[in-house]
Structures are given as structure tokens and as C-alpha cells.
Amino acid sequence: MINLKKILLPTDFSENSEHALQYAREFTELFDAELHILHVSHQMALEHGMSFLPPGDLMLDMRPAAKRKLHKTANDDWAAGRTIVREMREGRPFVEIIRYADEVEIDLIIMGTHGWGPISHLLVGSVAERVVQKAHCPVMTIRPAGHEFIMP
């Protein structure tokens with residue numbers, strides 16, 4: 001029997017993350033689980049394999065806004081009486097998502113995908129794809145609402 005006690009929703013506050021939140025809420029309710037919501041202030045890519053954090057002042061300016069958004073995520077009537085853990089990290093998103101999932105012993109990661117085209121995917125890569133490849137727990141990826149695959 002599947003017993004999910006801790007579900008992780010990584011969020012970048014995009015519409016895709018909001019769409020994944022709907023699934024996270026349903027699974028949280030179904031399994032009476034804790035919902036962990038993680039936002040990672042990401043490093044910016046210079047070229048393949050190289051990245052950097054924005055300068056300190058810019059990061060300081062971004063933190064309060066991100067904290068406000070994180071606090072608002074799933075903070076409504078549905079959240080009443082539920083265990084919701086909100087966490088912020090800095091670094092490479094896929095690394096921090098996996099690190100957090102391991103540290104907290106997450107049972108399932110539910111995350112949105114951006115549905116970018118092949119060129120963007122090649123240049124930027126996919127956080128969701130890397131999490132699927134490297135996470136030690138199951139990962140459910142949620143495609144963007146209205147995103148359709150057209151058969152060639």
C-alpha cells in the first residue's frame with residue numbers, strides 16, 4: 001500500500017507551479033499528508049555548466065518578495081488544519097529540490113513543467129527533468145494547462 005506522509009511542491013510562482021499546486025492539494029488531502037512548499041532562488045546560467053548567484057544586493061531585494069509569495073501559496077481556507085511547511089533555499093533549483101527532499105524524507109515530489117520548446121530546453125535545460133532523473137523518491141510532473149502534444 002502506498003503511504004505518502006510528506007509531499008513536496010517546488011514552486012517558482014509561475015502559472016505552471018499553480019497548476020501543479022492543484023495536484024499537490026489533492027494528494028495531500030487524499031493521503032492526509034504534510035505539504036512542503038519549496039522555493040529556490042536560482043542561480044543564473046552563464047554557459048553550460050557555469051552559473052552564479054545574482055549580486056548580494058539583488059538577492060536581498062528579491063528575498064522579501066519571494067517570502068511574501070511563498071507565504072501566500074496555499075494559504076487559504078483549504079490550508080486550515082493542515083500541516084504546511086514553507087521553505088526557501090538559494091542555489092541551483094534541481095540540486096536544492098533533491099537536497100531538501102532527501103533531508104526531510106519526502107515521499108513524493110509534485111512539480112510543474114514549463115513546456116518550453118526544444119531550443120529553450122537545449123539551452124536552459126529542464127529542472128523537472130533533472131529532478132526526475134536524480135531524486136530518490138517518485139516525481140510527478142504536471143504539464144502546463146492547455147499544453148497539447150501534436151503528433152507529427
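**Entry 1: a term, and one residue**

Contact, as I use the word in this notebook, means heavy atoms within 4.5 Å. With that settled, I looked up isoleucine 84 in this predicted model, and I found that, leaving aside neighbours within four places in sequence, isoleucine 84 is in contact with Leu35, Ile37, Ala74, Trp78 and Ala79.

**Entry 2: the chain as a whole**

Next I stepped back to the whole chain, which has 5 helices and 7 strands. Reading along the sequence, I wrote down the pattern β-α-β-β-β-α-β-α-β-α-α-β. The chain has 152 residues, and 38% of them count as buried.

The mean pLDDT of the chain is 82, and 74% of the residues reach 70 or more. Where is confidence lowest, and where is it highest? It is lowest in strand E3, residues 44–47, with a mean of 46, and highest in E1, with a mean of 97. Over residues 45–51 the pLDDT stays under 50, and for these residues the model has 8 contacts beyond four places in sequence. I made a note to be careful with that stretch.

**Entry 3: the sheet**

I then traced the open sheet, in which 5 strands are arranged in the order E5-E2-E1-E6-E7 with parallel pairing. Which strands stand at the edges? They are E5 (84–91) and E7 (139–142), and because each has a single partner strand, one side of each is left without a neighbour in the sheet. Neighbouring strands of the sheet are turned against each other by 20 degrees on average, direction ignored.

Going through the pairs, I found that E2 (residues 34–42) is joined to E5 by 8 bridges, the two strands running parallel. In this pair, histidine 42 has glycine 91 of E5 as its bridge partner. Helix H1 (residues 15–31) packs on the sheet, where it touches E1 (6–10), E2, E6 (108–112) and E7, and the direction of H1 makes about 150 degrees with that of E6.

E6 has partners that I followed one after the other. With E1 it pairs in the parallel sense over 2 bridges, and isoleucine 7 stands opposite leucine 108 in E6. E6 and E7 pair in the parallel sense over 4 bridges, with isoleucine 110 opposite methionine 140 in E7.

**Entry 4: is E6 buried or exposed?**

I found that 5 of the 5 residues of E6 are buried, so this strand is largely enclosed by the rest of the structure. Both of its faces are covered, with Leu108, Ile110 and Gly112 buried on one side and Ile109 and Met111 buried on the other.

**Entry 5: the nonpolar cores**

In soluble globular proteins, nonpolar side chains tend to be buried together, and I went looking for such groups here. The largest nonpolar core has 17 residues, and those with the most contacts inside it are Ile7, Leu9, Leu35, Ile37, Ile84 and Ile110. The residue I began with, Ile84, is therefore listed here too. E1, H1, E2 and E6 are the elements that give two or more residues to this core, and the largest share, 3 residues, comes from H1. Apart from this core lies another, of 16 residues, among them Ala101, Ile109, Met111 and Cys137.

**Entry 6: helix H3 and what follows**

H3 (residues 93–104) has 12 residues and reaches 16 Å from its first C-alpha to its last, close to the 16 Å expected at 1.5 Å a residue. Its buried residues are Pro93, Phe94, Glu96, Ile97, Ile98, Tyr100, Ala101 and Val104, and what covers them includes E1, E2, E5, E6 and helix H5 (127–134).

Just after H3, glutamate 105 takes a positive phi of about 60 degrees, in the loop between H3 and E6. Glutamate 105 is exposed, because its relative accessible area is 61% and the cut-off for exposed is over 50%. The C-alpha atoms of glutamate 105 and cysteine 137 are separated by 8.7 Å, although the two are 32 residues apart along the chain.

**Entry 7: a loop residue, for contrast**

Threonine 73 is placed in the loop between helix H2 (56–72) and E5. Threonine 73 is buried, because its relative accessible area of 5% falls under the cut-off of 20%. Not counting residues up to four places away in sequence, threonine 73 touches Phe13, Leu21, Ile37 and Arg86.

Conventions
Residues numbered from 1 in each chain as written. Predicted model: local features only at pLDDT ≥ 70, side-chain atom pairs only at ≥ 80, totals over all residues. Heavy atoms only, no water. Pairing = 2+ DSSP bridges. Axes fitted to C-alpha atoms, helices over the stretch in contact; angles between N-to-C directions. pLDDT = per-residue confidence, 0-100. Core = buried A, V, L, I, M, F, W, Y, C linked by side-chain atoms within 4.5 Å. Buried < 20%, exposed > 50% of the residue type's maximum accessible area, 1.4 Å probe, protein only. Expected span 1.5 Å × (residues − 1).
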